[in-house]
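Please look over the structure below. My notes follow as numbered points.

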Amino acid sequence: MVISHERSGTHFLINTLAKILGLSNVQQDLHLTESNENYYSEQYVNDVQEHLKTLSLVPKTIIKSHHHNDFFKNFDFKEHNITPFYIYRDPRDVLVSCHHYFNSHRPQIESQTFPYSTSPTELAFGIKPTQYKFDSAYSYHRNETMLERWCNHTGPFIEDERFIKIKYEDLNLRFEETCEDIGKTIGYNLAPASKPNLSERTVSARKGIVGDWKNYFKSLANERIISYTNKKGIRLECQ
């Protein structure tokens, strides 16, 4: 199972695992039908977990999810034969990628599924995610900004020992070594795998660029992001 905040290398890891584990790469999405205001709903948490149990019965498949960590509280992954991975990425690059991805989907913008932003900085601080449908499908908390949303999504997963954590930057820049580390962690003899072509697996090749945020966030915005993530206990490696 691969979980992530949106635009964090989800399919990159899914494709990689499919190759090195010899899986069919039949992706199963842990996504229920259209939802409205599911925040804090224990019933919705139960519905997600029941759906996950059903998907776990499909052999040789990879389950994809963007759900918040609270959806998996008290869930026994071992009992259901699920190996959970969490891939995360520098939030500044996530925001840049979300900005371009959301803006490229005009029909979804008009239907209030995705927000429109004039810049990644506006998306980080000037957009309230609770006003859009993509947020209510996956979030458990009512976040005031997209940056807060990223911190509240990533922080709990990093601290959760049940999950195998993968940094997008490591998978991108240290592909072979990271694959070896995955094999050692899960005790599995991995098949050789070549790095997926980033431009072929994305809507925009921007998603694959490590450090693309430097082209968008000016010093004051960057300092604001660093200050906020530090307060949340998440230190960015490149400041």
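1. The buried residues of helix α3 are P91, R92, D93, V94, L95, V96, S97, C98, H99, H100, F102 and N103. This is a predicted model. Since 12 of the 13 residues of α3 are buried, the helix is largely enclosed by the rest of the structure. Helix α3 spans residues 91-103 and reaches 18 Å from its first C-alpha to its last, close to the 18 Å expected at 1.5 Å a residue.

2. R92 forms a salt bridge with D90, with 2.7 Å between the closest N and O atoms. Both D90 and R92 are buried.

3. A search of the whole structure finds 9 salt bridges. One of them joins the side chains of E50 and K53 at 3.2 Å, N to O. E50 and K53 are 3 residues apart in helix α2 (residues 42-55), so about one helical turn separates them. E50 is partly exposed at 47% relative accessible area, and K53 is partly exposed at 29%.

4. D170 and R174 also form a salt bridge, their closest N and O atoms being 3.9 Å apart. D170 is partly exposed, with a relative accessible area of 27%; R174 is partly exposed at 34%. Elsewhere, salt bridges that share partners join E6, D135 and R149 into one network.

5. On the surface, E176, E177, E180 and D181 gather in a patch of negative charge. E177 lies in helix α9 (residues 175-186) and is partly exposed, at 37% relative accessible area.

6. P115 sits in the loop between α4 (106-110) and α5 (120-125). P115 is buried, with a relative accessible area of 1%. P115 and P129 are 14 residues apart in sequence and 7.9 Å apart in space, C-alpha to C-alpha.

How values were computed: Residues are numbered from 1 along each chain as its sequence is written. This is a predicted model: local features need pLDDT of at least 70, side-chain atom pairs count only at pLDDT 80 or more; totals for chains, interfaces and linings use all residues. Side-chain values use heavy atoms; hydrogens and water are left out. Patches are made of residues with over 30% relative accessible area and no salt bridge: like charges are joined within 9 Å, nonpolar side chains (Val, Leu, Ile, Met, Phe, Trp, Tyr) within 5 Å. Accessible areas come from the Shrake-Rupley method with a 1.4 Å probe; for residues, only the protein chains shown count as cover. A salt bridge is a side-chain nitrogen of Lys or Arg within 4 Å of a carboxyl oxygen of Asp or Glu. Lys and Arg count as positive and Asp and Glu as negative; His and the chain ends are not counted. The place of a charge is taken as NZ of Lys, CZ of Arg, CG of Asp or CD of Glu. Helices (H or I, at least four residues) and strands (E, at least two) are DSSP runs, numbered from the N terminus. Buried means under 20% relative accessible area, exposed over 50%, partly exposed in between (1.4 Å probe, protein chains only). The expected span of a helix is 1.5 Å times one less than its number of residues.
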